[in-house]
Amino acid sequence: MADPLLQLEGIVKEYGEAVRTRALDGVDVALHSGEFVALIGPSGSGKSTLLNVIGLLDRPSAGRVVLAGTETTSLDDAALTKLRGRTLGFVFQFHHLLPGFTALENVMLPEWGDLGHGSAELRKRGEEALTAVGLERRMHHTPSQLSGGEAQRVAIARALSRRPALLLADEPTGNLDTVSANEVFDLLRDFNRRLQTTCLIVTHDPRIADRCDRVIQIVNGRIVAPEP
Amino acid sequence: MPFEWFVALRYIREARGQTALILAAVSVGVAVIVFLSALIGGLEVSLIDKTLGSQPHVTLHEPRETARPLVEPSPTLAIAREIQPSPQRLRSIDQWPSVLREAEETDGVTAASPMVTGPGFAVRSNATSPIVVLGVDPERFVAIIDVPRKILRGRFEAGGGRVSIGSTLASDLGAEVGDRIHVSTTEGVDDVVTVAGIFMLGNEAVDRTWVLTSLRHAQSLYALPGGATTIELKVADVFQAEQVAVALHDRTGLDADSWMTLNAELLAGLSAQSGSKSLIQFFVVLAVALGIASVLIVSVVQKSREIGILRAVGTPRHRILWVFLIQGGLLGLVGSFAGCALGAFLARGVEGASTNPDGSARFLVQLTPQLFLYTSLLATGVGLLSAVIPAVRASRLDPATSIRNG
């Protein structure tokens, strides 16, 4: 079997100075290219902390994170930022689009911010990403002019515009009605199948988890039920 | 467009209210600086113009005569003595034509004029006035002091028995153009001359005493045939006059008095005025800086989640830093343009609102391209500096925390 796209080994994450709180306690996870995985667990179990560690937004207190063949533990902030921007895509529960920018600009910003300058090519890729999520007529609308489902689709377009190897989605349907939630999920599934984008979806919704290839369950900072 | 500029401009546009307020604050601050600088600069130029309108920038003359003791004290000889100051007599500068040439060739000197000057009396009818006779080479002299421009009546002449006199002296003597006055000098020489022109240089002491005649005539009045008691100089930069004077003193051994030493009180006043201006400028700049910094700090707090998202999706710290530095610089720059316009408008308004009886402006203002350039650069620099703390703060935001708590 090929090397995993993401390999976590013995991840420990502790918070606090005087009183140490262990949010992750020896987590081992491996994600392979093209997988569509759900991460479930009760509130306070460490899901968001794990997602932050996987997303290179937070450094573990102990353990190794290997992403796309790169051992990340020793990387400085600039290298982590570059790796994060070029390898990972993020979809948050609340779309977290920048309110003062249009849908197209929001989609262009990750690559624009990484490269430093805009270009016609960049714009074209942004338009293609929005067309792929069915929002070709909403490109120049700001987030406040979009519905919740549309905004989340823009967020997906933003996350996928750079063709990331791994998409991290934190409750992507948690804030949507059933119809919009299904649309968003189908969209993620479609990209996973067409582009072989690995997806890790944090969810409370068992119906969403059931539709994933694999479910990872975390309780009290430990993986308790890795399912094949 | 570069990412940093695009985001900075969008943030400025997005926060219209805040942007308008801080731009107004920067504009008012810059306007105060422009207005004050123009007013104080104008006053400074006006005072210096008035002062230098009736005196040379540097005057060379023989050193004062001092009594020389016949015997000096020694370790074995103590002397109790009183040395009385020597009376000063009019003396010609030794070899003055060569000194004149040397002075003319000195760096910074733009004009030089030999002169014989001494005290005397002017008499007309029953009126007698103490005078100062200035024997000049008219062509050279007008390059030092522009008398023809200050002629009230008649025309500037100095030679051939015709003189130009100050307006107050003319009034004291009851003399008009064409009248003859009797001139007697301390050397006991008398002559009768005709008033060809009456001038007003704006300096009461000058207008009350000066009688301008030719160099040759003054030489005969003071029994200094072929002599010159002083050499008057004009320099390119009036504030370099003292340096030129020191250099000429070192080179010629003559006493060299610059207008700066003769008008030390005026310079001290100007310096104090300039100090006050700098102090006001400092506090205005401080207020502007604090205004820009506080607005940007609020902006960083308001946009911390957005910054966290930008960082999460791959934007490096330094680009976030520049987004806020650019905002600070732009606020300073745009505010400075508006402030320069407002300051210039106010300065011109004050200049036009108050006039002297002769119609000239009572408050002269000095609005120069250098003032606008300096103020714009200052405001932009202050904007940039004020943005440093907010920008560093923004660039150091932890993306995970900002997204969670933003």
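The dialogue below goes from the conventions to single features.

Reply: This is a predicted model, in which local features need pLDDT of at least 70 and side-chain atom pairs count only at pLDDT 80 or more, while totals for chains, interfaces and linings use all residues. Residues are numbered from 1 along each chain as its sequence is written, and chains are lettered from A and ligands numbered from 1 in the order in which they are written.

Me: Which residues of helix H2 of chain A are buried?

Reply: An α-helix has 3.6 residues a turn, so residues three or four places apart point the same way. Helices (H or I, at least four residues) and strands (E, at least two) are DSSP runs, numbered from the N terminus. A residue is buried if 20 or more other C-beta atoms lie within 10 Å of its own, exposed if 12 or fewer, and partly exposed in between, with C-beta atoms placed from the backbone. In H2 (residues 77-87) of chain A, the buried residues are Thr81(A), Arg84(A) and Gly85(A). They lie on the same side of H2(A), because they cover an arc of only 95° around the axis, the arc being that of the directions from the helix axis to the C-beta atoms.

Me: What covers the buried residues of H2(A)?

Reply: The cover includes strand S6 (88-91) and helix H3 (103-115) of chain A, together with helix H11 (304-312) of chain B.

Me: How many residues of chain A are in contact with chain B?

Reply: Two residues are in contact if their C-beta atoms, placed from the backbone, lie within 7 Å. By this rule, 24 residues of chain A are in contact with 22 residues of chain B. H2(A) gives the most to the side of chain A that touches chain B, with 7 residues.

Me: Where does Glu171(A) lie, and what is its phi?

Reply: Most residues other than glycine have a negative phi, and most peptide bonds are trans. Phi of Glu171(A) is near 50°, a positive value. Glu171(A) lies in the loop between strand S7 (166-170) and helix H6 (178-195) of chain A, and is buried, with 20 other C-beta atoms within 10 Å.

Me: Is Ser125(B) buried or exposed?

Reply: Ser125(B) counts as exposed, with 11 C-beta neighbours inside 10 Å. Its phi is positive, about 55°, although Ser125(B) is not a glycine. The loop that holds Ser125(B) is between strand S2 (109-124) and strand S3 (127-136) of chain B.
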